[in-house]
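Student: I am new to this structure and would like to learn how to read its sheet and its core. Could we go through them together?

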Amino acid sequence: MGNALVRVEAVRAELESVEAELEVLELQISELLEKQSSLTSRKTVFSKKDLQNYEESAYVYRFLVIFLPLLIDFSWSEEVQKKLESVFKLSKFRPLQQAAVNLGMAGKDLFLVMPTGRGKSLCYQLPAVCCKGFTLVIAPLVSLMEDQLMYLKSINVPAVTLNASSTKEESKFVMAGMIDTNSPFKLLYVTPEKIAKSKLLMSKLEKAYNMGLLSRIAVDEVHCCSQWGHDFRPDYKLLGILKRQFPKVPLVGLTATATSSVLQDCQKILCIPQPVTLTAPFNRPNLYYEVRFKDNDGSTKEIAALIEGRYRDQSGIVYVFSQKDAEAVSADLQRRGILAQPYHANMEPANKSLVHQQWSSRKIQVVVATVAFGMGIDKADVRFVIHHTISKSMENYYQESGRAGRDDSPADCIVYYGFADIFRISTLVVMENTGQQKLQNMVAYCQNVDRCRRAMMAVHFDEVWDDEECNQMCDVCRHGNDYITMDVTKHARDVVGMVEQAASLGEKMTPLKVCETWMGKGNAKLRKMTKVTNLSRVEVEAIVAHLLLHGYFSEDFSFTPYTTYFYLKAGRRAALLRSENHSVMMKMRRRVSVPGQGSPDAASSVKRFHTLCVLFWSFTVVGGSYNLSLSLSLSLSLSLSLSLSLSLSLSLSLSLSQHRFFTLFNEKEKLIGKIGMCI
């Protein structure tokens, strides 16, 4: 018996040694993963800068082969210019419009990526007016089609639509007009669902094609084709039938927000063999971007004060999260004397059309809307777009905020950022392939206090950005280095440790519960085991959001028949906090950002004083600094090679550490088995 106990103690001692080494290895693996991520980011930067030099020659080639021929006179040039002036009342084209129109008139397939408000619609409307027959336009939203139809009616261009709300008489007129050689309309707007489900429509399109009356196809918001896009719609994936059935008809795909990878996906889905792609710069210099932080009351009172003050008698949009929010916020604004109406997908079509028309004709000042109101809205004098809740992605925000200032006059884009909104949206996008990553990019944009807002947008559109071009048209650039840096490592250890301890007891914690417990509220059992913080609620929420954003926490979703719950658990970087050498530095604002147009409101500033300490993450760079010279390609190549070799070395170290980890883990399991045998 005595010998058995000695053996048990010996095995226990060996087990403790293995567990200690496992913990060290786990920490090393986490550190190596972090370094690998850092080096990968550096490698990407070098690669992009290096590629930029090579792309310059490609731009010259594109200019000589594509753009230069488009600047000469074609057989249609005189008529196009005449219609531009007489019908559309424009004296000249905006950048890329003439190239797009000429490509369309020449029968080329085209992808046009152009910021919201830069005139994408003209690139298919003008050729439609100049050509025989009609242009088929596929658009995702009824509000978009109605907006286009109102505009075309105002300039006496005959256009019609087919959608779920069309009457039998309207449908009969459209179907007959498609095969009428006199073409009673020049543009036909339909939804992708109509293409997918109406055999009668497809049969009429086929007859029109054979008669030479289907002059071109325009797919608006073409990014909806791709499941990697920010607004994927299943029926868009079926639009490939159009190019297969009507191969001689040129197709133009239009979007404001598609990346190169999304466009490649769209090309395959739409069955376009070799499209020309024209991409305009993303920047809208007349828009002022600002982030504000939500009060507990949802900031409706502050939004109302802005509309009654700075935006008095000016048109605008307030975007909200849900249909319920649209009704509630619009009702609140109405009680405060503001002419506002809700707009969402659950409204009757006639009511939606009425709201749209009233807003377009300035009978109401504000539309309080979900994303059902937006794509393609072409009202030039929108002076403000306010997001009552953050968007689900940077692409969505860029497009929604882009409805402001289409007349090129100054306009404001303000987003209200609230901690709870992160998790409302997170459960909404849980089933999307890249939903969580896109949402985190949006949260990073909102928490940012030291980088130009446009610089953060540029990352998403694969563009290189110079902060000086912002011209202080965002809150960060306008207020300069208006932040301080602080060490929050201890706070990070406390709150992550609390979640890990709760998990060991089988307890799941929502973000709200994490904040409440850390502040000494809520569950008494957890409070006793937790080191209560003396930070403010705003600071606590900012730290928790930051830790989620950067991998110290991760999402843990739980599904029920009625809802989806969001819980926090320790993330892949949580182990780094066990090291005394690891630190987490964060940046926080000194004061509240002042709105873009006009002077700051004193009462608002006092009210929002508690938001001064909203934090933003910044790691201390490990491993020294590096200089980058665009003019020295040799230096670039050397730096890139160094990064690659470091990355390979790091991968080897990581692989060895992981191998040692699993070896020890197996050894630990064997030792536990020995203990069982001894007992």
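Student: In which sense do strand β12 and strand β13 pair, and over how many bridges?

Tutor: As a general idea, strands of a sheet pair through backbone hydrogen bonds, either parallel or antiparallel. In this predicted model, strand β12 (residues 382–387) and strand β13 (residues 411–417) pair in the parallel sense, over four bridges. Within this pair, H387 stands opposite V415 in β13.

Student: What is the order of the strands in the open sheet?

Tutor: The open sheet has six strands, which run in the order β8-β13-β12-β9-β11-β10 with parallel pairing. Because β8 (287–293) and β10 (340–343) stand at the edges, each with a single partner strand, one side of each is left without a neighbour in the sheet. From one strand to the next, the twist averages 20 degrees.

Student: Which strands does helix α11 touch as it packs on the sheet?

Tutor: Helix α11 (residues 300–308) touches β8, β9 (315–319), β11 (366–369), β12 and β13, and its direction makes about 170 degrees with that of β13.

Student: Which residues in the largest nonpolar core touch the most other members?

Tutor: In soluble globular proteins, nonpolar side chains tend to be buried together. Here the largest nonpolar core has 78 residues, and I390, Y417, Y445, V495 and F553 touch the most other members. Helix α22 (residues 537–549) gives the most to this core, with seven residues. Leaving aside residues up to four places away in sequence, the contacts of I390 include V415, Y417, I425 and L439. A second, separate core of 40 residues includes A128, V137, M145 and V252.

Notes: Residues are numbered from 1 along each chain as its sequence is written. This is a predicted model: local features need pLDDT of at least 70, side-chain atom pairs count only at pLDDT 80 or more; totals for chains, interfaces and linings use all residues. Side-chain values use heavy atoms; hydrogens and water are left out. A nonpolar core is a set of buried Ala, Val, Leu, Ile, Met, Phe, Trp, Tyr and Cys residues joined through side-chain atoms within 4.5 Å. Buried means under 20% relative accessible area, exposed over 50%, partly exposed in between (1.4 Å probe, protein chains only). Helices (H or I, at least four residues) and strands (E, at least two) are DSSP runs, numbered from the N terminus. Contact means heavy atoms within 4.5 Å. Two strands pair if DSSP finds at least two bridges between them. Axes are lines fitted to C-alpha atoms, for helices over the stretch in contact, and angles run from 0 to 180 degrees between N-to-C directions.
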